[in-house]
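Hello,

Here is the structure I promised to pass on to you. Please have a look at it first, and then read my notes below.

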Amino acid sequence: MSNVTIYHNPKCGTSRNTLALIRHAGIEPNVVLYLETPPTRETIQKMAADAGLTLREAMREKGTPYAEMGLDKPEVSDAQLLDAIEAHPILLNRPFVVTEKGTRLCRPSEVALEILPAMPAKAFAKEDGTPMLDAQGQLIKK
């Protein structure tokens, strides 16, 4: 499986850990720096739907203009949410990962394991040193 795309924000620790996990699997993904090259409305809608999320669930509130733009109001339509994401790509949560096996919003980064091939039999730790995979490439349960 080499057709993997990550919608990445290098300033986000979860996004960096997810990218490192993908590379740990021996995959060099297509890295979309979505703040610089935002996905289209259609792509955003498809990613959210394929991940089993509503558009609102695919949005990021923390560190964004979500509340100040009034996007937390239930009457805000999906079209208005898409307009907001187009104007402020930071409103799209990250990282979304798209593979042949599916699409996931990888928060936490371990979610990527659902759609990546088996991990190599070696340990993997997050950038803060927290172990994620044991020496056999198996997820360490918390």
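**The cysteines**

Let me begin with Cys12, which is buried, with a relative accessible area of 6%. Cys106 counts as buried too, at 0% relative accessibility. Please keep in mind throughout that this is a predicted model.

How many disulfides does the structure hold? The count is 0. For Cys12, the closest cysteine sulfur is that of Cys106, and at 11 Å it is too far for a bond. A pair counts as a disulfide when the two sulfur atoms lie within 2.5 Å. Cys106, for its part, is in no disulfide.

**The nonpolar cores**

Which residues have the most contacts inside the largest nonpolar core? They are Met59, Leu71, Ile85, Leu91, Leu92 and Phe96, in a core of 21 residues. Two elements, α2 (41-50) and α3 (78-87), each give two or more residues to this core. The largest share comes from α3, with 4 residues.

Leaving aside residues up to four places away in sequence, Ile85 touches Ile44, Leu55, Met59, Leu91 and Leu92.

There is also a second, separate core, made of 17 residues. Cys106 from the section above belongs to this second core, and Ile22, Val111 and Leu116 are also among its members.

**A closer look at α3**

The buried residues of α3 are Leu81, Leu82, Ala84 and Ile85. Looking down the axis of α3, you will see these buried residues fall within an arc of 160°, so they line one face of the helix.

**Two cis peptide bonds**

Finally, a word on the backbone. Most peptide bonds are trans, so the next two places may be of interest to you. Where are the cis bonds found? One joins Arg94 and Pro95, with omega at about -5°. Pro95 sits in the loop between α3 and β3 (96-99). Another cis peptide bond joins Arg107 and Pro108, and here omega is about 5°. Pro108 is placed in the loop between β4 (102-105) and β5 (124-125).

I hope you enjoy exploring it.

Best wishes

Notes: Residues are numbered from 1 along each chain as its sequence is written. This is a predicted model: local features need pLDDT of at least 70, side-chain atom pairs count only at pLDDT 80 or more; totals for chains, interfaces and linings use all residues. Side-chain values use heavy atoms; hydrogens and water are left out. A nonpolar core is a set of buried Ala, Val, Leu, Ile, Met, Phe, Trp, Tyr and Cys residues joined through side-chain atoms within 4.5 Å. Buried means under 20% relative accessible area, exposed over 50%, partly exposed in between (1.4 Å probe, protein chains only). Contact means heavy atoms within 4.5 Å. The arc is that of the directions from the helix axis to the C-beta atoms.
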